[in-house]
Amino acid sequence: MRYLGEILIESFGMKEEVITAALKLQKEKGGRLGRILVQQKKVTEEDLLRALSIQFGLELRLFLPPNPDPFFIDKIPIAYLRKFKMMPVATREDSFIAVSDPFHFQQIDDMQRLLGLEGMKTCLAPTDEILLAVNMAYERDSKGAADQVLQDIDDDDPEAILSAIEETADLLDDTSDAPVIKLVNLILSQAARDGASDIHIEPYKDKVKIRKRVDGILYDMLTPPRHVQAKLVSRIKIMAKMDIAERRLPQDGRIEIRVADKNIDLRVSSLPTAFGERIVMRLLDKSNVLLSLEQLGMSPRDLETLMKLIKAPHGIILVTGPTGSGKTTSLYSALTVLNQPDVNIITVEDPIEYQINGISQMQVNSKIDLTFANGLRTIVRQDPDIILVGEIRDLETAEMAIQAALTGHLVFSTLHTNDAASAVTRLIDMGVEPFLVSSSVNAVMAQRLVRRICPACKEAYTPAPEYIDSLSLPPEFKGATLHRGRGCDACLNTGYQGRQGIYELMVFSEQIKSLILTTSDAGQIKRAAIAATDCPMTTLRQDGLRQVLAGQTTLEEVFRVAA
């Protein structure tokens with residue numbers, strides 16, 4: 001067998017001194033030569049696998065089948081496959097064991113014996129592909145087990161409900177036999193796999209409806225019988241460290257779990273209803289990567305304007321929209337641009353959705369009277385350059401934010417309004433003086449999230465002229481080629497996958513500021529912003545239609561979220 005270093009030099013152009021240095025490090029600290037070179041970024045994992053395939057004479061599979069057959073899950077624990085980066089694959093055309101490290105000879109032989117597949121060929125595959133396939137196989141099996149779990153649930157099972165849970169334990173590793181624990185784990189793992197943002201558990205007279213929100217739309221998950229509700233709610237409340245004896249008052253709690261490779265933070269809210277407690281869980285995936293401003297989907301003109309606005313020395317920038325419209329993501333994206341060693345950024349949030357290195361973040365806690373206003377009052381004594389207030393909910397918070405802006409701080413915050421112009425009306429309605437609004441606010445950006453067309457089943461079509469006329473669309477839509485999704489397994493047959501924003505950016509020009517001093521009418525302010533000569537505002541609908549013409553979303557989506 002040829003040496004790996006020799007193959008990398010001859011076939012991949014690696015310099016001999018790089019191999020020599022890596023071998024010296026291997027002698028000092030141990031480990032595999034290939035892994036050392038990958039960690040040093042001297043070779044990519046793909047090229048290492050190509051070299052190993054030459055060394056061992058093994059076939060290389062850069063991609064594994066998208067829907068693996070979970071035929072092995074009853075015999076092999078998921079932890080074993082993850083530890084040794086192995087995956088048995090069986091399709092109609094082929095069967096093999098995928099490994100990322102061919103040196104695990106003994107483990108490969110053991111797995112072949114366990115599955116009765118002695119002699120099955122071994123192939124090399126990237127670590128990420130193997131772990132993804134392993135996680136999908138175990139999650140896929142859990143989905144089909146829900147009905148069986150519901151049949152197993154017994155009314156007299158208090159010990160199971162009170163069973164302890166390790167906060168960050170992987171739900172796919174949980175081997176508990178208690179049906180109620182299985183059911184909760186199935187619900188959470190399925191929701192996490194589908195990228196759900198919320199889970200609803202809604203009790204009715206004779207049934208319980210369990211739903212998930214994916215890309216802003218609610219879908220049914222399960223409809224268990226009515227008697228399951230109390231046990232299910234008790235289990236979730238135990239996990240969230242809530243009072244299971246208190247069923248008359250609303251409660252809030254928090255759960256930290258891990259599902260496959262995702263660390264998920266769940267915010268749990270209970271609400272008493274006529275038929276029992278209603279539970280809503282907000283899922284925050286900690287492994288989500290923050291988007292840059294360029295990735296938010298803004299038009300080039302609005303992006304350029306926003307980049308200038310966030311670099312202003314002082315003032316307030318507001319982001320408005322309903323709950324779940326991506327306001328926090330937009331604000332965090334702006335903060336990452338401004339997050340430099342010479343800038344002091346402090347936030348007060350409820351909850352802290354992303355943790356960012358270099359930024360001091362404070363969590364609101366109403367139980368000890370740590371409100372947005374009180375938090376903001378403390379922050380201004382911490383010598384900040386930039387302040388993020390999670391939401392302006394009342395006059396006290398608004399006045400504190402304005403005071404901070406007028407004393408040389410750049411303040412970011414959110415408001416719940418329908419469009420950008422309505423933010424002015426909302427502030428004045430709270431009790432803020434118009435002259436304070438006009439002198440402190442630099443800009444207001446309204447936004448919504450529209451679902452993106454699924455790339456796997458995207459197709460082109462030309463809408464009928466009558467349809468275009470009925471919607472009063474601009475002339476460029478006449479005869480235009482638009483796109484839609486047919487629906488496929490990748491998008492749960494919805495035709496959509498993922499979401500992106502549509503935006504309405506209103507810059508407070510001198511004309512707008514003067515108008516605010518005379519009126520708080522949102523309609524007048526909006527018309528003035530659209531007609532502005534220096535930076536005319538593009539409305540939410542206009543920005544949405546721009547994305548329809550670009551083939552990113554559909555007319556139906558734009559009209560669903562933008563009036």
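**Entry 1: a helix pair**

I note that this is a predicted model. I start with helices α14 and α15, which are roughly parallel to each other. I looked up the angle behind that word. The axes of α14 (residues 372-379) and α15 (residues 395-406) cross at roughly 20°. The crossing of α14 past α15 is left-handed.

Which residues make the contact? From α14 I list Phe372, Ala373, Asn374, Leu376 and Arg377. From α15 I list Glu396, Thr397, Met400 and Ala401. I sorted them by class: five are nonpolar, two are polar and two are charged.

**Entry 2: the whole chain**

How many helices and strands does it have? I find 22 helices and 19 strands. The C-alpha atoms fill a box of roughly 85 × 65 × 60 Å along the principal axes. The chain has 563 residues, and buried ones make up 50% of them.

I also checked contacts along the sequence.

**Entry 3: the cores**

Nonpolar side chains tend to be buried together in soluble globular proteins. I looked for such groups here. The largest nonpolar core has 46 residues. Which of its residues have the most contacts inside it? They are Val437, Met506 and Phe508. Helix α15 from my first entry turns up again: α15 gives the most to this core, with six residues.

Helix α1 (residues 4-12) packs against helix α4 (residues 45-56) at an angle of about 115°. Their axes are 10 Å apart. The two helices are therefore roughly perpendicular to each other. I noted a right-handed crossing of α1 past α4.

From α1, the contact uses Leu4, Ile7, Leu8, Ser11 and Phe12. From α4, it uses Asp47, Leu48, Arg50, Ala51, Leu52, Ile54 and Gln55. I count them by class as eight nonpolar, two polar and two charged residues.

**Entry 4: one more pair**

Next I took α10 (residues 179-193) and α11 (residues 228-239). They pack at about 70°, with axes 10 Å apart. Are they roughly parallel or roughly perpendicular to each other? They are roughly perpendicular.

On the α10 side I wrote down Val180, Ile181, Leu183, Val184, Ile187 and Leu188. On the α11 side I wrote down Val228, Lys231, Leu232, Arg235, Ile236 and Met239. This contact has ten nonpolar residues, no polar ones and two charged ones.

**Entry 5: tyrosine 204**

I turned to single residues. Where is tyrosine 204? It is in the loop between β5 (198-203) and β6 (208-214). Its relative accessibility is 35%, so tyrosine 204 counts as partly exposed.

I looked up its partners, leaving aside neighbours within four places in sequence. Tyrosine 204 is in contact with Lys209, Arg226 and Phe275. I also checked glycine 276, which is 72 residues away from tyrosine 204 along the chain. Their C-alpha atoms are separated by 8.0 Å.

**Entry 6: two positive phi angles**

Last, I looked at two backbone angles. Aspartate 369 is not a glycine, yet it has a positive phi of about 65°. Aspartate 369 lies in the loop between β13 (360-363) and α14. Is it buried or exposed? Its relative accessible area is 52%, so aspartate 369 is exposed.

Serine 472 is not a glycine either, and its phi is positive at about 55°. I found serine 472 in the loop between α18 (465-470) and β18 (482-485). With 64% relative accessibility, serine 472 counts as exposed.

Conventions:
Residues numbered from 1 in each chain as written. Predicted model: local features only at pLDDT ≥ 70, side-chain atom pairs only at ≥ 80, totals over all residues. Heavy atoms only, no water. Axes fitted to C-alpha atoms, helices over the stretch in contact; angles between N-to-C directions. Helix = DSSP H or I, 4+ residues; strand = E, 2+ residues; numbered from the N terminus. Parallel < 35°, antiparallel > 145°, perpendicular 65-115°, else oblique. Left-handed = near helix turned anticlockwise from the far one by under 90°. Contact = heavy atoms within 4.5 Å. Nonpolar A, V, L, I, M, F, W, Y, C, P; charged D, E, K, R; others polar. Core = buried A, V, L, I, M, F, W, Y, C linked by side-chain atoms within 4.5 Å. Buried < 20%, exposed > 50% of the residue type's maximum accessible area, 1.4 Å probe, protein only.
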